[in-house]
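Colleague: I would like to learn how to read strands, sheets and cavities in a model like this one. Could we go through them one at a time?

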Amino acid sequence: MSKNLVIVESPAKAKTIEKFLGSDYVVASSFGHVADLPSKEIGVDIQNGFKPQYIISDDKRDVVKKLKDLAKKAEMVWLASDEDREGEAIAWHLFEQLQLKEEKTKRIVFHEITKNAILKAVAHPRSIDYNLVDAQQARRVLDRLVGYELSPVLWRKVKSGLSAGRVQSVAVRLIVERENEIRSFNTEALYKVEAEFDNSDTKRFKARLNDSFKTQKEAEQFLQSCIGAQFKVSDLQIKPAKKSPAAPFTTSTLQQEASRKLGFPVAKTMRVAQQLYEEGLITYMRTDSVNLSKEAIGFAKDTIVNSFGAQYSQVRQYTTKSKGAQEAHEAIRPTHMEQSSINMGYDHDRLYSLIWKRTIASQMSDAELERTTAALANNQNKYLFQAQGEVIKFDGFLKLYLESYDDEEDAEKEGMLPRLTVGEIVTSQLISATERYSRAPFRYSEAALVKKLEELGIGRPSTYAPTISTIQNRGYVEKSNIEGVERKYTQLQLKNSKIETKVLSEKVGADKGKLIPTDIGTVVNDFLVKNFEHVLDYSFTANLESEFDEIADGTKPWGSVVKNFYQDFHANVTDVSENAEREKGERLLGVDPESGKNVYARLARYGAIVQIGESSDTDKPKFASLQGSQTISNITLEDALSLFDLPKTLGMYEGKEVVVSNGRFGPFVKLDTLFVSLPKDANPTQLTLEEAIALIQAKQKADAPVGTYQGHPVQKGVGRFGPFIKWNSMFINVSRQYDLATLTAEQIAEIIETKLKKDVDKVVRVFEKEGIVVEKARWGRFTLIKGKMKVELSKDTQVETMKLEDFQAIIEKNTKKSKPKTAPKKESAKGKVKK
């Protein structure tokens, strides 16, 4: 029997820690929280001080039982979950649910999984910090109250099935408001002037005019005045400058930089960082501190001196500016500074390298620069050109690392200038005045949204990634690519004393991988801002975060924070439920020339639609779903009316009609009995016959049998849950040990036979005549199957001794439950096929 039981959250973390402790220790995993609020009820006793009612979920019962058994055998239990509020709550839940005794329980924390850190933690245990637990409870309870009270309001006033979250709704608001700014932005054109000059040594350099011109006429007049002008250097300034390295990574800066440099979504960054931490390669990855320990600074200095030389070392201690940061924690850094690379996998290696470079660079010397600015005057007008250049005298930290910035592709890079002297005559080779338009604000990338949330004080390191994932999973926001549109602009060029006018074009408004609100996201946001402005207020949300920090510090009771919020919030919910009008998300597009009726784009039960006519009309309105990238806010009357052209015949292929139409699951192409779904962003009204044939041919190729088994054809494909083969109307998942592209006949037979054997082993009872089967299911349960109906039975059900009549009664009972209510029939929007 082991004297000590150490409990952590994950198996990977347990495996790493086990290597550092002796045979007197057993390390086990709780697989995250062992207790939480129930999923199907509010789980908060509002009348009893907002007391949370935690339960052990079904999938954690076996885990808790195993940990209880281990705890009973151990002389001491060490709770070693993460050092943040979430980790403290996990430790407390373990203490409560395992019914541990204080004298037999110790709490240990560490911000890196190394032998020294683990042994140091064991040597300096502490008790559970209930202030941190209360801060986590306050957030959990408050978020549950918001979700459970706001969501039903959305069901009644907007659309069924919607949900709302406190921080998530604020994040959606930021994205919707940015989109509104972009749509309402009015561009202004200015003519910006650039020139190329040669100095007395015929070395060419570029310069810009300090002024811009509002009209083409003004720009042309300026160029006319430059014909035959003599230019000279009127002023020259050479100044030393320095660049300092960025601080080591916090959670938010790591998410931002990994997005810019590696293209990682925020959730992927946190997943990879978690795995690096659990392998003992980096320190804890949820932190808002830029502090480095004395030991880490010492190791970094040694690495820099050994690798680059003493002149590159400059010891620095950074301090955190963000409110509520805990300086006792460290920034994200490698646990072994001398290890510049790892071999754990492509993504892991790149993220580790980024963290290592950022940490080492933070302890390196400033880069020393020399910046030159030259003013160029001429003898025919008052305007001045300015040329700027930059020379690196000592690279310092730039030898290793340079921080990236959002939209840095638009930043002007300063190059080197040739040697210039005051009074020197320079010769103009080309002067161009180009029409340039002011730019709308940038859409948020995931990294930019994290930065904005942090600036506003909304959320904390542990909440950024879940917030961004949640708003996308709920369909309020999507990461999209926007094609942009062509725009013409004018350029005037003065060369060899002649002015030439050109009309050029550029693509504007294009965006890649940016966060864009969906129609439902916009409608929900508008409703919440209109009716719950206080809850969605940025300052109010940030102040709540500060109150959570005060709870964690022990200066404010958590119950009072929740109570003060809930009193006003609940009254607001009641008032809105009773008095607010339903949010339609409706936009009048114009009038249908054929019927003379109004045409609307609006939100309906299954998404955004176009409607011709009024709901109150004697003739029922016509409806059509929006397609591709169409939204309520951007669809035009012409595009809306074209949606009613479906279904239509595009032409003939293989002697049969090719029809494009729209169905319950989206737009599709039909050839005889073959149906092919259109890609996500495709617009069926714009589909050509050639594009439809290409889709058909790809589908025919994909559906072609790759073999046979027992006389039945075998097809392969990739679905929602990964690669599969289809045989005898049965879909069978293909595991990773097989390569779907190169499956052999023997492998196909092996996959099918394994599946058939599993199905046989699963069967407990069969009533062949009645078509009833009872199978084993997960977690010791059973599944009762008849046709397409499946009924889950608890593991306590005595299926072996039950009679046929018992199973039939269960099926009959569930058939009545699932029988849909009869609804009045709606007139179909589909018309005859148009040619």
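Colleague: Which strands form a hairpin with 2 residues between them?

Modeller: Strands of a sheet pair through backbone hydrogen bonds, either parallel or antiparallel. Here β23 and β24 form the hairpin, and Asp 672 in its turn has a positive phi of about 55 degrees; strands are DSSP runs of E with at least two residues, helices are runs of H or I with at least four, and both are numbered from the N terminus. This is a predicted model, in which local features need pLDDT of at least 70 and side-chain atom pairs count only at pLDDT 80 or more, while totals for chains, interfaces and linings use all residues. Residues are numbered from 1 along each chain as its sequence is written, and side-chain values use heavy atoms, with hydrogens and water left out.

Colleague: How many bridges join β23 to β24, and how many to β22?

Modeller: Two strands are said to pair if DSSP finds at least two bridges between them. Strand β23 is joined to β24 (residues 674-677) by 4 bridges, running antiparallel, and β22 (residues 656-663) pairs with β23 over 6 bridges, also in the antiparallel sense. Val 669 in β23 stands opposite Val 660, and Val 669 also stands opposite Val 676 in β24.

Colleague: Why is β23 described as largely enclosed by the rest of the structure?

Modeller: Buried means under 20% relative accessible area, exposed over 50%, and partly exposed in between, with a 1.4 Å probe and protein chains only. In β23 (residues 666-671), 5 of the 6 residues are buried, so the strand is largely enclosed.

Colleague: In which order do the strands of the open sheet of 4 strands lie?

Modeller: The order is β17-β18-β19-β20, with antiparallel pairing. At the edges stand β17 (587-591) and β20 (622-625), and because each has a single partner strand, one side of each is left without a neighbour in the sheet. Strand β19 (residues 607-612) is joined to β20 by 4 bridges, and Ile 609 stands opposite Ser 625 in β20.

Colleague: How many cavities of 30 Å³ or more does the structure hold?

Modeller: On a 1 Å grid over the protein atoms alone, a cavity is a set of points where a 1.4 Å probe fits but cannot get out, and lining residues have an atom within 4 Å of a point. The structure holds 1 such cavity of 30 Å³ or more. Its lining has 13 residues, with Ser 169, Val 172, Tyr 476, Val 524 and Leu 528 nearest the centre, and the elements giving two or more residues to that lining are α6 (166-184) and α14 (519-531).

How values were computed: On a 1 Å grid over the protein atoms alone, a cavity is a set of points where a 1.4 Å probe fits but cannot get out, and a pocket is an open set with protein on both sides within 12 Å along at least five of seven lines; lining residues have an atom within 4 Å of a point. Grid points are joined across faces, edges and corners, and a volume is the space filled by probe spheres set on the points.
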